[in-house]
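Please examine the sequence and the structure shown here before reading on.

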Amino acid sequence: MSLVKTERFGATFLIQLNRPERMNALGLELRTQMAEAFCELRDDKDLEVGILTGSGRAFCAGEDMKESLDAGGPGFTGKAPVDPYMSGTLDKPVIAAVNGTAGGAGFSLAVATDLAIAVDSAKFVMAYSNAGLSPDGSSSYFLPRRIGDRRARELMLTNRVLSAGEALDWGVINQVVSADEFDNAVSKLAENLANGPTRAFGQVKALLN
């Protein structure tokens with residue numbers, strides 16, 4: 001079974017983490033397949049915008065700690081061919097469609113994207129220090145730039161859980177919608193971006209980064 005499903009909708013490219021029985025936890029194979037999907041988005045000139053989402057009840061619960069420990073500890077699961085957090089460095093807009101829990105590295109993935117829409121039942125938590133780890137997955141770069149240093153420190157040091165509404169208020173995400181409206185809201189945003197001046201969008205990203 002593919003751990004990452006991809007699908008094209010015109011100029012939009014959907015990347016869906018597909019390990020629902022593990023809440024889409026990031027093991028080496030999933031990371032590798034996700035990196036390959038982002039490479040496809042990067043290299044295909046017919047694709048203008050990406051959507052990153054999860055299957056089942058979670059967006060991504062973070063690192064697969066069991067796999068990491070079996071392989072020698074967090075960070076020692078091997079090296080994917082391209083950094084799977086590269087959504088922040090692509091010259092095409094990437095939307096996080098946060099369909100459920102975003103924890104640890106899943107939170108990092110969400111904040112590395114350009115725009116984020118969350119279902120109203122979603123939860124956000126850094127969780128790294130609860131496992132005796134420091135934040136990774138680019139969150140130490142992106143999170144303070146999204147919400148400010150003080151709030152980033154609070155999330156990283158206290159592991160406070162944010163509801164979708166709180167995440168919106170804090171600037172972690174751009175929009176909260178009900179489950180019934182979720183797919184349509186994500187599709188509409190992606191379509192608007194795909195029909196826009198995408199080369200200019202790339203320059204905006206480069207300047208901000």
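Phe107 is buried in this predicted model, with a relative accessible area of 0%. Phe124 is likewise buried, and its relative accessible area is 0%.

A search of the whole structure finds two aromatic pairs. In one of them, the ring centres of Phe107 and Phe124 are 5.7 Å apart and the planes meet at 70°; because an angle over 60 degrees counts as edge-to-face, this pair belongs to that class. Phe107 is part of helix 3 (residues 105-112), while Phe124 is part of strand 8 (residues 123-125), so the pair ties together parts that are 17 residues apart in sequence.

The rings of Tyr141 and Phe142 also form a pair: their planes stand at 90° and their centres lie 4.9 Å apart, so this pair is edge-to-face. Tyr141 counts as partly exposed, at 29% relative accessibility, whereas Phe142 counts as buried at 6%.

The values for the pairs are set out below.

| Pair | Distance of centres | Angle of planes |
|---|---|---|
| Phe107 and Phe124 | 5.7 Å | 70° |
| Tyr141 and Phe142 | 4.9 Å | 90° |

Charged side chains also meet aromatic rings. Which ring does the charged end of Arg145 sit over? The charged end of Arg145 sits over the ring of Tyr141, at 3.8 Å from the ring centre.

Conventions
Residues numbered from 1 in each chain as written. Predicted model: local features only at pLDDT ≥ 70, side-chain atom pairs only at ≥ 80, totals over all residues. Heavy atoms only, no water. Phe/Tyr/Trp six-rings, centres within 6.5 Å; stacked < 30°, edge-to-face > 60°. Helix = DSSP H or I, 4+ residues; strand = E, 2+ residues; numbered from the N terminus. Buried < 20%, exposed > 50% of the residue type's maximum accessible area, 1.4 Å probe, protein only. Lys NZ or Arg CZ within 6 Å of the ring centre and 35° of its normal.
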